[in-house]
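Trainee: I am new to this one and would like to learn how its descriptions are reached. Could we look at it together?
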Amino acid sequence: MGKYGKWIAGGLGWAVLGPIGGVLGFMLGSAIDTIEVETGSVRGGTRQGDFVVSLLVLVAAVMKADGKVLKLELDYVKTYLVKSFGVGRASEAITVLRDILKQDIPVEEVCQQIQHNLDYSSRLQLMHFLFGIAQSDGSVSELELGIIDKISYYLGIQSGDYTSIKSMFIQSTESSYEILDLTRDASDAEVKKAYRKMATKYHPDKVSYLGEDVQEAAKEKFQKLSEAFEKIKKERGFA
């Protein structure tokens, strides 16, 4: 895996086994002689490589949803990854993604592995990434939305949290309330309580163990939550 770099290969733990390991098998097989894959205890904590590979496998599933992968889509994904991880790491990730796109992806089994090994806050961040990449060309297609819906279900994402993240990217007249997992008839006190609850759930520190890159990207989700709250406050005129 020399061409894939130590950032991903050296950060893999549980992702080298199970369905994800099957998708990566062709890559890992070529890696053993060139780089040490630090598997450690596969039942231990998640490493950044596990998170990134999980993201790339799910991104590939979304990109393949309409039966074709366009260069334009890869360019959009690369731009998004550069924003999230920096130029060097994004280039490395795109190289891995190109190879993953050639594989058959057992979405349900992959998601079950991720759900078993990745904490809930990190799974929420995966969903935020998927919507961000799907929407990076200006809109989320019905086919993309369909596969993201399935991924959310298989990852065990609560419906309110899914609606909250979805509303950050697919706008409606109720988006600000949906981001807070509320309806418009909520009282001011309920709005404040919901914001405090979601702010705790979406706080970037929840994914700090995945590294500064992911934590930085998580700030975007937190910012959208804060913007939704401020918009409601302005509409209602409460402090």
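Trainee: What makes the crossing of α3 and α4 right-handed?
Mentor: A crossing is right-handed if the near helix is turned clockwise from the far one by less than a right angle, and left-handed if anticlockwise. α3 passes α4 in the right-handed way. Do keep in mind that this is a predicted model, where local features need pLDDT of at least 70, side-chain atom pairs count only at pLDDT 80 or more, and totals for chains, interfaces and linings use all residues. Residues are numbered from 1 along each chain as its sequence is written, and side-chain values use heavy atoms, with hydrogens and water left out.

Trainee: Why are α3 and α4 called roughly antiparallel?
Mentor: Helix α3 (residues 48-63) and helix α4 (residues 71-85) pack at about 155°. Angles over 145 degrees count as roughly antiparallel, and 65 to 115 as roughly perpendicular, so α3 and α4 are roughly antiparallel.

Trainee: Which residues of α4 meet α12?
Mentor: Tyr 80, Lys 83, Ser 84 and Phe 85 do, where contact means heavy atoms within 4.5 Å.

Trainee: Which helices each supply at least two residues of the lining of the largest cavity?
Mentor: α3, α4 and α7 (120-134). Lining residues have an atom within 4 Å of a cavity point, on a 1 Å grid where a 1.4 Å probe fits but cannot get out. The volume of this cavity is about 90 Å³.

Definitions and conventions:
Axes fitted to C-alpha atoms, helices over the stretch in contact; angles between N-to-C directions. Helix = DSSP H or I, 4+ residues; strand = E, 2+ residues; numbered from the N terminus. Parallel < 35°, antiparallel > 145°, perpendicular 65-115°, else oblique. 1 Å grid on protein atoms, 1.4 Å probe; cavity = no way out; pocket = protein on both sides within 12 Å on 5 of 7 lines; lining within 4 Å. Points joined across faces, edges and corners; volume = space filled by probe spheres on them.
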